[in-house]
Every structure is written in C-alpha cells, then in structure tokens.
Amino acid sequence: MPNPQALPPRVLAIAVPSPLRRLFDYRPCREMPACGWQPGLRVRISFGRRQIVGVVIECRDQSELPLADLKPVEACLDSAPLPADWLWLCHFTARYYQHPLGDTLHQALPVLLRQGRPLEARMRERWQANSNAPDNDPPTLARAHRQAELLTMLRQHPHGLVTQAIVAQSFTREQLKSLLAKGLVTRREEALTAQPKSDSTHLLAEPPLPLTSEQTTVLAALHEKLDHYHPCLLDGVTGSGKTEVYLQLIEAVVRRGRQALVLVPEIGLTPQTLARFRARFQVQVVALHSGLTEHERLDAWEAAASGRAPIIIGTRSAIFTPLARPGAIIVDEEHDGSFKQQDGLRYHARDLAVARAHRHGIPLVLGSATPSLESLARARSGDWRHLQLTRRASRHAPALLELVDLRGRPRQGGLIPPVIDTIRDTLTAGHQVLVFINRRGFAPTLACHACGWLAECDHCDARMTLHRTPPLLACHHCDRRRALPESCPECGSIDLRPLGSGTERTEETLAGLFPKVPVHRIDRDSTRRRDALEQVLGEVKRGEPCLLVGTQMLAKGHHLPHVTLVVVVNADAGLYASDFRALEQTSQLLVQVAGRAGRAAHPGRVLVQTLHSDDPHLRLLAEQGYAALATHLLEERRAAGLPPFRFMALLRLESPREEQVSELAAQAADALREWLSTRKLAVDCLGPVPAPMERRQNRYHLQLMLASDKRSRLHEAGAWLTGWLAASPDARRVRWSLDIDPQTLS
C-alpha cells in the first residue's frame, strides 16, 4: 500500500461511465484518502454539467493538458481501493470485448456503488443472555414480568436474536435496554448478512447424499487439483446428480477456508438452488440476481468481497462479484444462452469464468446435460478435462424422444388426438404431465379468414401475438401493444381467427378437456409477480395429478419428480432458422425439457410433435441422443469453417434512418477491407447485410461479420474497426456495437 505521507500525484486518470474509449485527467482534491491515491478508488467528479462517480485507473505526474486547465476531483469516496481481483476482471473484460473501460466498470458495480454509497456492510444489533448472569431471575425483575419473559426467551437461543426478531415477538427496545443496564444481556453489532459462525466440524446442516460410482469417480477427479487451475466439463445426463457433486466439491472448498462462486442461468432457478444450498450448509450463502433490491444486492456483494460469505450463487452478472479467497467457480447449465449479455457490454459469463479461474489458479466446473459445442470441442481436444455421468441417480434411464407426425392430423390447442389420449392415461394413473410450448400468449398472431390479413407490428418486421388475459395484440420484440380490432383493417370482414397456438390457448384447451385437473401455466406473463413461480412449483411438488403448460422457463434445472410425461407441442420452430446455432440450441432445449420426465420412482416418456419427423438431425437426436448429434454438428461446423473452429465478431449498426445506417455500414466495410489488405491480415469481412429482423423498434439493423482462424488477428481487426468508428463523425449519428463471440445473429 502506498505511503500516505508521500507526495500525491499531480494527475489522476479516471474512467467514467461514457461510450468514449479513453480516460479523463483530473487533479487530486486537497484531502488525500487514508490509503493514499492509487488505482481502484472511486471519486466524485464534475463531468460536463453532471456530477458522476468515476474510478481512478492511473496516477500520473503529467497530462497532455496544462495542469491549471484540469478540474479537481471533488471528493474521494473510498478509504481503500475496490478489490484487486474485480479491477483485473473489468480490465480483462473491457479489453477482450472491445468495450469502453469506464462503462465496463460502471456495469460491473452494484447500482448503489455507482451512486457513491460507501462499500460497507449494513449493521444490526444482536442480543444474547449474559452467560455470567445467574440462572434464576434476579430480584430486579420481580415486578418486570415482560423483561423476565424476554430474558427467558434469549436464554433459549444460545446464538442470540437480532432486534427485528425480538420486536416481532411483541417486546420493545426499552425492555432490551433495561436488561442491558442490569447486566443481564449483552449487545453486539454485526453485519446484516452475518450468520452464527460454524467451525469446520459443524459445516453441514444435513449430511451429504450417498454417491453413485460415477459420481464418486467424478468427485475424486475434481479433488485432485483443488489448488490449481483445473477446467472440467461435467457432462451428465439430466437427473444424474450434478448438483450433489457441486455440493460436495463446495464442502471441500469451504473447509479449506475458501469461497465458491456458483452461476445459474435463470433467476427462476436461483431460489431452488439457494434453498438446497442453505439446507446443506451452516455457513453464509448469499444470492446475486436482478430480483433483489439494490440494498440486498450491495449487502451480498460486500459479504463476498469481505470474505464473510463463503458461498455465492447468482445469475450472469454475478461473475463480477469480488472474492476475498477464491476457491472454485461452478457454471451450471453452461450451454445456456442467457449467460451471454445481448446488449451494452456483450460479455459471456461462462467465458469470463474461464478467464477468472485461470487468473486465480482454482478449479472450474462447467456442468450440463447438453454441453455447448464450444465446450465439447475443448473437452474432446484435451484442453479441458471431460468428466461424464451417463446414468441417472434414480437408476431410471433418461426418456427417449418419440417423434409424433403432425401432418394431416386435426389439432386442439396444438395437440393431436393420440397425444391427448396419452395425457389422459397419464393423469388417470395419478401422475403429472408437462406440456412444453415455447410461445407465450394465446396464439402467434391474428388472421383474417376472408383476405389473409395478418396482425403485424408497425415498428418491427414481426407479427403481433394475440393475448387473451388481458385481450390485446402485443409485439414481443418492442413491447408495443394494440387493442383487438373489431374487423379486418384490409377488407372489413369480422371473421378474425387466432393462427397457431401459444401457452394461453393450450392452457384453455387442456382446462376444457380435463376440467377436474389443475392446469398451471408458467411463462413470463404468468410469473411477473415476485415468488409466483416458487408458489406454483410448491403446489406441483405436492405430487397430485396436474398439468403444467410452460415455455423454456420449465426446461432448465427444475426437479419435478412426479412428472412422467412431457409433450413438446411443436419442435420445428428452431430447426430451419437462419442462425447456424439454431439446430444446436433447439436440440439442447428438447433434451433439457425431456429431462423433466421420469426423474423419480416412475419411468418417463417424451412425445415430440413435428411436421418433419423424417428430418435426419431430429431422428439422430431421437434415436442416438445429444452426444451423437453434437458429434455430427461439430463435423459440419469444421467443414463450414464455423465456431468453434473459427472465431467471429459481429458489428451491429442501427438507426431510425435506413440510408444513414446503410451508408455507414458500407464505409466501415470498405475501410476495414482496405486496412486488412495493407496489413495482409487473414481476417474475412462479410457484409454488410440486413439483420434477420431488419426493422425492430422502428430502427433499421445491419451487420458486418468478421471471422478468422486466429483469435489474436480477429481482435486486432476489431480494435482497428472500433477505433475507426469512434473517430468517424458519421458514426456519432448511428448506434453501433462490436459483439465478440456472438451467440446469435439476430
């Protein structure tokens, strides 16, 4: 740490939350922080007409501007710099994803820290009966009956109680203060997130589950290098007990005084994961996800940064959580697309987890039943260790996909009669059924039966979805909403009909077919209220026969032991999309949703309705499983020169004016091609071309693709291109971003 008595630097280079790709020079304020000026300190500065919070990146003696022209820092907000591991990760992220450092730091901080709040734990009071006080109530309590009752209650809690819990039992702070004055209780302050301490012998609140032979082998492999960077792909079929492996690995990490960071793909999975971890461990387990209040998020961030929380569970953004003593990183469902941020800072949490584990020299576990082709290729090449769990812990084999041909068959709510009969038989047997349809709303759109008019969005190249609760047309791309028309706007006909099926329509159909069976719809619309998903899943886990109708929210990670039949209403949506990843993502989704069936005492069955039951990829998936299809897809990718065998970046440009974005895209492509030819750099530049949805939110979208066999060459070209755009006056009127390792072309 720098000597506080040393002369302060004359210039502070500060990163500010701005799209500008540079640092800004300021003079230090007169009051020096206790730790001395150094990188990582938050400061309040005047930036234009605003007061903002920036982060010191460098301390210098000189500036390109005269020192007298530099504004002074208004105040230093920290007594110590932000965590060093967090700073390193932000620098790496900004550099790798070609994003402004100031905005990267801003996005990686909790909102309250961006606003200038101190990085310190919120405190609370904990009260305990004084161990030196006599066991019998002293004479001073003879007439203070409520104080005597309060003292009795505190004696029943060896670890004490916090003020809020005591007040909830109808006691008052005055009674607590009276007991304190009489020396009968003690009071101490502790962090709001603190829990009673447990020693290593009392780490577990419940014993670990017995392991299968495969789980034992996998865990032994993970224990081999607990003090080294050890990247492992845990390739385990659904229901094979990957979570139990995580829990026992974390136990070993925490016993060594280290911390474990666990990433899960969806906020919907966080409560069940959190509940399972808190039931197992007696140490602090904190969560980080978008469902928390800003104060809760800062509390968890501080508990991890201070080392007080040994276990941290969170969604994508939790990868930026600082760790005082990093011991292991686990990424569950590593294939999931939600780990990739699709706007602003377009990072991939899984890839940052790899970089972070390498930096700290700790084990990394990437778990999935359907690994991404990138991870599978690295495991099969030997870069990562490939650990496999091929059998379910319940001993039942995973349910195979049964393809059901839709051609020429009548449908009710998207379901054909033989499938409806199978649903009826399953419910009659006392089991539960999951009906998967990856379209929310009542129907994909509204159509005129007379002239063929379709309800299209005025702001996007997309059709509006019909909703029944409440009745309206909604665009799921720009969130534009419109009242239902009374007649066709083209021909005036009143014969308007829903086209296709969504979750609402399937729910309505099943409720009519099975009026005595509860039907639970789970999609983004039905689970907006906080804890709505947990409440529905709690009812389902009671085991009574019911029907679950849901989107991909139900396909990931949920343990539904009483579901024995899964029905996929339409498997064709992603098979023939323009994105080269569509088939990989569709097959992963099918296998994941199929994995919800037969996870406990009864075997499962999966019916997949399709108009293309003879599709070779679909048949390979159904007959031989995901591993066989992944091998085939990797061979196709290698032949076509696509990731993971080449590296890609995607320049996205958008503007309300079509000619404006077209002209800039053409200029950027010409300039980049000329620069590549002079440098003789082996990077392909493809485009510009319209995005798959060219007009979205009343803005026109174009793309320019960069591809290379070498990651370093791709980054060199990307850095030149972003520099050219940052210097171009025309680019200031167009919104643009460079997406490194894009996961979608939309």
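Trainee: R350, buried or exposed?
Mentor: R350 is buried, at 3% relative accessible area. Buried means under 20% relative accessible area, exposed means over 50%, and partly exposed is in between (1.4 Å probe, protein chains only). This is a predicted model, where local features need pLDDT of at least 70 and side-chain atom pairs count only at pLDDT 80 or more, while totals for chains, interfaces and linings use all residues. Residues are numbered from 1 along each chain as its sequence is written, and side-chain values use heavy atoms, with hydrogens and water left out.

Trainee: Which side chain does R350 meet in a salt bridge?
Mentor: That of D351, with N to O at 3.1 Å. The rule asks for a side-chain nitrogen of Lys or Arg within 4 Å of a carboxyl oxygen of Asp or Glu. D351 is partly exposed, at 24% relative accessibility.

Trainee: How many salt bridges by that rule?
Mentor: The count is 41. One of them is R646 with D684, where the closest N and O atoms are 3.0 Å apart.

Trainee: Where do R646 and D684 lie?
Mentor: R646 is in the loop between α18 (626-640) and β27 (647-655), and D684 is in strand β28, so the pair ties together parts 38 residues apart in sequence. Helices (H or I, at least four residues) and strands (E, at least two) are DSSP runs, numbered from the N terminus. R646 counts as buried at 16% relative accessibility, while D684 is partly exposed at 35%.

Trainee: What about R657 and E659?
Mentor: Their side chains form a salt bridge at 3.0 Å, N to O. R657 is partly exposed at 45%, and E659 is partly exposed at 41%.

Trainee: New topic. Which residues have the most contacts inside the largest nonpolar core?
Mentor: W86, L105, I319, F320, L434 and L706, in a core of 116 residues. Helix α19 (residues 658-679) gives the most to this core, 8 residues. Such a core is a set of buried Ala, Val, Leu, Ile, Met, Phe, Trp, Tyr and Cys residues joined through side-chain atoms within 4.5 Å.

Trainee: What is W86 in contact with, beyond four places in sequence?
Mentor: L105, A108, L109, W301, F320 and P322. Contact means heavy atoms within 4.5 Å. Apart from that core lies another, of 31 residues, among them L222, L249, I330 and L387.

Trainee: And the open sheet, what is its strand order?
Mentor: β7-β6-β8, 3 strands with antiparallel pairing. β7 (161-162) and β8 (185-191) stand at the edges with a single partner strand each, so one side of each has no neighbour in the sheet. Strand β6 (residues 123-129) is joined to β8 by 7 bridges, and R124 has E190 in β8 as its bridge partner.

Trainee: Which strands does α4 touch?
Mentor: Helix α4 (residues 145-155) packs on the sheet and touches β6, β7 and β8, its direction making about 95 degrees with that of β6. Helix α6 (residues 173-181) also packs on the sheet, touching β6 and β8, at about 120 degrees to the direction of β8. Axes are lines fitted to C-alpha atoms, for helices over the stretch in contact, and angles run from 0 to 180 degrees between N-to-C directions.

Methods. Pairing = 2+ DSSP bridges.
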